[in-house]
Amino acid sequence: MGEDTLLSFVQNELQIVVLIIFGTLYAVKAYQISRRPAPPQGGVPRAGILGGVAKSYGMTFVPWMMESSRTHLGRWLEYAVYHLGAGSAIAATFLFPFAPSWMVPWVRYTFLVFIALASVVGVIKIVRRFTRPELRVISTLDDYFSLISLEIWLLTAIPAMTLNRTGMIVFFIITAGFLLYVPFSKISHYVYWFFARFLFGVKFGRRGVVPRSGGA
Amino acid sequence: MSGVDIKTEALQRAKEELEKRLNRTLAVSASNLCTHCGWCIDTCHYYKATKDPHISPVAKAEKVRRIYKKEHDWLSKVFPKWTGAKELTEKDLDELVEVAYRNCTMCQRCTVNCPLAVDTAQILGAARAALNAAGKSPEILVQLADAAIAREESMDFFKEFYLEQIAELEKEVQERLGNPSAKIPMEVQGARFLYVPLAGAHTIVPPAIVFNAMGESWTMSMFDAANYGVYLNDRERSKKIADRIVKEATRLGVQEVIVAECGHAYVTLRWEAPTWFDKPWPFKVRSLVEVIDEYVREGKLHLSPDLVKEPLTYHDSCNLGRNGGMFEAPRRVLAGVATDFRDMNPNREQNLCCGAGGGLIAMEEWRDMRLTAGKPKADQIKATGAKVVIASCDNCRHQLNELNEHYDLGVQVFGVAELVANALTKE
């Protein structure tokens, strides 16, 4: 198989197959959650749920709404950079094969900066997980593996952003493997996040806690 | 039946209960939602006080989550060691008693500070339900819940004695108000409010003074608001206890049930219990503090702003505040009686638990841990420089009094109604 053919295969056919598997696994997960009973909500609502749901999603994106981010601004910035980098790498896996004309130099180099910064944060996170007693106590093999494999994936994304063909092939092969592992690992937290934030917003919104409302 | 069989049956019941509790919130929170990022760790008053990584919110939740994962998580079913999953054992149940009762007050501070909104209280609540099913709940909580249920079943036995006690308290109300016609009305049909107190004169006399001074149409009944079934996460017991009040309110045809200054009773009757019944209730539920706030806002109740000249602060009970949404009503009332109000930092939905929530106040065997876990609250109070601390929850007040003694805070602790009653009787 020639290099271009191989690149085309890992970018297209391979990605499509693993994305179908990935999507199917998430569809099953979403179905499994939705067949559970919704938590009952009782009592005359103090406020509407819309405000609660909106603020619930919003509080993740701004550092001042939670004490855990307000008092650890550096940690929040790490979190923002890490997710921005991972998001850039994910976007690249779609744009390279399906909208290559969008991958103009400034887009690729912007992604590259985000991904490089995220990989630096990734190293910090790995070191922290190995060295902090309070994190070691709660860490599983999946935690270590997920962090390290995500770091490797981010590092392989860097040469891919420069259009280095070998780098791109390695990046897409690792992406495929990663897509197969993610639905089984803690990296899948982002799917549950949508459910959890919604449920949080409904409960605390109608009680007038998040946001504080209803006059009491 | 052999001892082994009994243990196996208990374990089975615990497993079934864990499964039964698995609603959408729990299914998500007990899944891979938690990334073990550790943001929750230093939001917990237990961790703040001890720096013990084994009692951080995520570490506590993980003790239950790993059991759910073994049953429901794809990877954990095949490679449990990879994800830390494990099958529930008898030993785990014994460990969970400490995790769910001694080491967590279900205050939900970790949840409002979790970027992923993991509901740790619900996870540990499921553990409490499983322990209850296995017959491993703290005995004192079971006894208190059963005593509340027995009170309804043996009402004839209690009624005469209770009415005599109320008559004594009525005299005290009359004396303090200087009004011989002041009443503590019992079982009055068609009253506007059914006030449900706690056990103890301190939750009856102050509101009686306020209601009489306001000329309110109110009544009491034979039952108190405390619901220890909630701490056990025992739906059957909780519902029976709440049902006594629902039946009384319905029988008397009141418009509203007014709950004493009690965190768990308020959140139970205001938000939780309505979901346990098939039909909507024909009455509203409010806290006594909300009613007093209404009197103040409507200009019916005139308070003296110089009643408390010393610095005063307010402790947000987790159940009234973070879980119940009541933040401003007590502050508005206190603004009317104090010249130097100082909020604690943090406050409202970010308040720190006093360390006695989740029924821990009743479990004397863990008093040491309760006082240790209350240290961050004691430090908070100290930092305000307040000499008077107000709390609208009876369990919090007990704990704050103990913290006051233990950490030498030099404060006085009152409830909102008590302070307002003092203001009214001072005049």
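Is B:Lys20 buried, exposed or partly exposed, and why? Let's start there, keeping in mind that this is a predicted model. B:Lys20 counts as partly exposed because 13 other C-beta atoms lie within 10 Å, and a residue is called exposed at 12 or fewer and buried at 20 or more. You'll find B:Lys20 in helix α1 of chain B, which covers residues 3–20. Have a look at B:Ala129 too: 109 residues separate B:Lys20 from B:Ala129 in sequence, yet their C-alpha atoms are 9.6 Å apart in space.

Now move along chain B to its sheet. Four strands make up this open sheet, in the order β2-β1-β3-β4, and the pairing is parallel. At the edges sit β2 (218–219) and β4 (284–287) of chain B, each pairing on one side only. Strand β3 of chain B, residues 256–259, runs parallel to β4(B) and is joined to β4(B) by four bridges. One bridge to look for links B:Glu256 with its partner B:Lys284 in β4(B).

Two helices of chain B pack on this sheet, and both touch β3 and β4 of chain B. Helix α15 (residues 263–272) makes an angle of about 160° with the direction of β3(B). Helix α16 (residues 288–297) makes about 80° with the direction of β4(B).

Finally, zoom out to where the chains meet. Here 46 residues of chain A are in contact with 54 residues of chain B. On chain A's side, the elements giving two or more residues are α4 (67–70), α7 (133–136), α8 (141–161) and α10 (189–206). Of these, α10(A) gives the most, with eight residues. By type, chain A's side splits into 22 nonpolar, 14 polar and 10 charged residues.

Note on methods. Residues are numbered from 1 along each chain as its sequence is written. Chains are lettered from A and ligands numbered from 1 in the order in which they are written. This is a predicted model: local features need pLDDT of at least 70, side-chain atom pairs count only at pLDDT 80 or more; totals for chains, interfaces and linings use all residues. Two strands pair if DSSP finds at least two bridges between them. Two residues are in contact if their C-beta atoms, placed from the backbone, lie within 7 Å. Axes are lines fitted to C-alpha atoms, for helices over the stretch in contact, and angles run from 0 to 180 degrees between N-to-C directions. Ala, Val, Leu, Ile, Met, Phe, Trp, Tyr, Cys and Pro count as nonpolar, Asp, Glu, Lys and Arg as charged, and the others, Gly among them, as polar.
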